[in-house]
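This note sets out several points for a colleague who is meeting the structure for the first time. Please read them with the sequence and the model at hand.

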Amino acid sequence: MIIKFEFGDDYIQYISCSSKVGRKIYKTQNDFFDWISDDEKNKEYWAYENGEKDCLNYDAHAIADWLNNVKFKKGIAKAKVVKNPKRKPKKTLYY
């Protein structure tokens, strides 16, 4: 399944994932926000200015990483970023 992610300012990315992941993608969006906002669980997706934590800095790669290594780490439901999907997206999420 192809999922479209719109990050604003015409910045659009896509992930390819199993139907299992795709069916739950809207329900898991809040879980992703909770995870990415917790700087104890991840430091990779924060931007720093003058050595101080400034704001979140992520894209579809972070979402795929979270899906693969946190949310569905025990299963085989893996997601990957795709540049030019051959199929039409089934769902669109806005970040």
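1. A residue is called buried when its relative accessible area is under 20%, exposed when that area is over 50%, and partly exposed in between. With a relative accessibility of 38%, Lys20 therefore counts as partly exposed. Please keep in mind that the model is a predicted one.

2. The salt bridges deserve attention next. Over the whole structure, a search finds two of them. In one, the side chains of Lys71 and Asp31 meet, with a distance of 2.9 Å from N to O. Lys71 is in helix α3 (residues 60–71) and Asp31 is in helix α2 (residues 25–37), so this pair ties together parts that are 40 residues apart in sequence. Lys71 is partly exposed, because its relative accessibility is 35%. Asp31 is likewise partly exposed, at 32% relative accessibility.

3. The other salt bridge joins Lys4 to Glu6, and the closest N and O atoms of this pair are 3.2 Å apart. Glu6 has a relative accessible area of 23%, so Glu6 is partly exposed.

4. Ile3 is part of strand β1, which runs over residues 2–6. Is Ile3 buried or exposed? Its relative accessible area is 0%, and Ile3 is therefore buried. Along the chain, Ile3 and Gly22 are 19 residues apart, and their C-alpha atoms are separated by 7.2 Å.

5. Asp10 has a phi near 60°, a positive value in a residue other than glycine. Asp10 is placed in the loop between β1 and β2, the latter being residues 12–16. With a relative accessible area of 78%, Asp10 is exposed.

6. Asn50 also has a positive phi, near 55°, and is a residue other than glycine. Asn50 sits in the loop that lies between β3 (46–49) and β4 (52–56). Its relative accessible area of 75% is over 50%, so Asn50 is exposed.

7. A further asparagine is found in a loop: Asn42 has its place between α2 and β3. Is Asn42 buried or exposed? Asn42 is buried, because its relative accessible area of 5% is under 20%. The C-alpha atoms of Asn42 and Ile63 are separated by 13 Å, and the two residues are 21 apart along the chain.

8. The last point concerns the cysteines. How many disulfides does the count come to? A disulfide requires a pair of cysteine sulfur atoms within 2.5 Å, and by this rule the count is zero. Cys17 has a relative accessible area of 6%, so Cys17 is buried. Cys55, with a relative accessible area of 35%, is partly exposed.

Notes. Residues are numbered from 1 along each chain as its sequence is written. This is a predicted model: local features need pLDDT of at least 70, side-chain atom pairs count only at pLDDT 80 or more; totals for chains, interfaces and linings use all residues. Side-chain values use heavy atoms; hydrogens and water are left out. Buried means under 20% relative accessible area, exposed over 50%, partly exposed in between (1.4 Å probe, protein chains only). Helices (H or I, at least four residues) and strands (E, at least two) are DSSP runs, numbered from the N terminus. A salt bridge is a side-chain nitrogen of Lys or Arg within 4 Å of a carboxyl oxygen of Asp or Glu.
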